[in-house]
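These are my notebook entries from an afternoon with one structure. Follow along with the model open beside you.

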Amino acid sequence: GQPKADLFAGSDCFVFPPRFENDGAAVMEALGYGLPALVSEQVQIWQEIVEARAGWVCKGSSQSLAAVMSGILADRSGLQVTSSWARTLAREFEPRG
């Protein structure tokens, strides 16, 4: 709904670093809003995200998450380009019919 759309619109990226959850539905929704995603290797689509340059991947530890987030914050200029790739990747996963 609109509250979620507003929340996504006010965000720079979507962080989803589960240790056990692997469903990428929430990630795909965020990518569709143009939010690059930071995911853990547990998320089924982590390889696609990296290959499409639509986000970043971390290991399943808080140290890895913190290191990747620090890199993102240190180079915020890359967020706009990564956002464009996020939308492109989301379109590739849209149902066709």
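This is a predicted model: local features need pLDDT of at least 70, side-chain atom pairs count only at pLDDT 80 or more; totals for chains, interfaces and linings use all residues.

**Entry 1, the aromatic cluster.** I looked up the rings and found that Phe-8, Phe-14, Phe-16 and Tyr-33 form one aromatic cluster. Residues are numbered from 1 along each chain as its sequence is written, and side-chain values use heavy atoms, with hydrogens and water left out.

How many aromatic pairs does the structure hold? I noted three. Rings of Phe, Tyr and Trp (its six-membered ring) pair if their centres lie within 6.5 Å; planes under 30 degrees apart are stacked, over 60 edge-to-face, and the rest tilted. One of the pairs is Phe-8 with Phe-14, edge-to-face, with 6.0 Å from centre to centre and 80° between the planes. The pair of Phe-14 and Phe-16 is stacked, because the ring centres are 6.2 Å apart and the planes are at 20°.

**Entry 2, the strands.** Next I followed the strands. Helices (H or I, at least four residues) and strands (E, at least two) are DSSP runs, numbered from the N terminus, and two strands pair if DSSP finds at least two bridges between them. Strand β1 (residues 14–16) runs parallel to β2, paired over three bridges. Phe-14, from the cluster, stands opposite Ala-37 in β2. From β1 the chain crosses through helix α2 (residues 25–32) to β2, in a right-handed β-α-β crossover. Right-handed is the word used if, with the strands pointing away from the viewer, the path from the first strand over the helix to the second runs clockwise.

On its other pairing, β2 (residues 37–40) joins β3 (residues 55–58) in the parallel sense over four bridges. I picked out Leu-38, whose bridge partner in β3 is Trp-56. A right-handed β-α-β unit is made here by β2, helix α3 (residues 46–51) and β3.

I then checked the two faces of β2. In a regular strand the side chains alternate between the two faces of the sheet. In β2, Ala-37 and Val-39 are on one side, Leu-38 and Ser-40 are on the other, and all are buried.

Setting aside residues up to four places away in sequence, Glu-48 touches Leu-89 and Phe-93, where contact means heavy atoms within 4.5 Å.

Where is Arg-53 found? I located it in the loop between α3 and β3. Most residues other than glycine have a negative phi. Arg-53 has a positive phi of about 60°, although it is not a glycine. Arg-53 also lies over the face of Trp-85, at 4.4 Å from the ring centre; the cut-offs are NZ of Lys or CZ of Arg within 6 Å of the ring centre and within 35 degrees of the ring normal.

Thr-82 is buried because its relative accessible area is 11%. A polar atom of the Thr-82 side chain lies 2.7 Å from the backbone oxygen of Gly-78. For such a polar contact, a pair of N or O atoms must be within 3.5 Å; within protein, one must be able to donate a hydrogen and the other to accept it, and residues adjacent in sequence count only if both atoms are side-chain atoms. Beyond four places in sequence, Thr-82 touches Pro-36, Arg-53, Ala-54, Gly-55 and Trp-56.

How values were computed: Buried means under 20% relative accessible area, exposed over 50%, partly exposed in between (1.4 Å probe, protein chains only).
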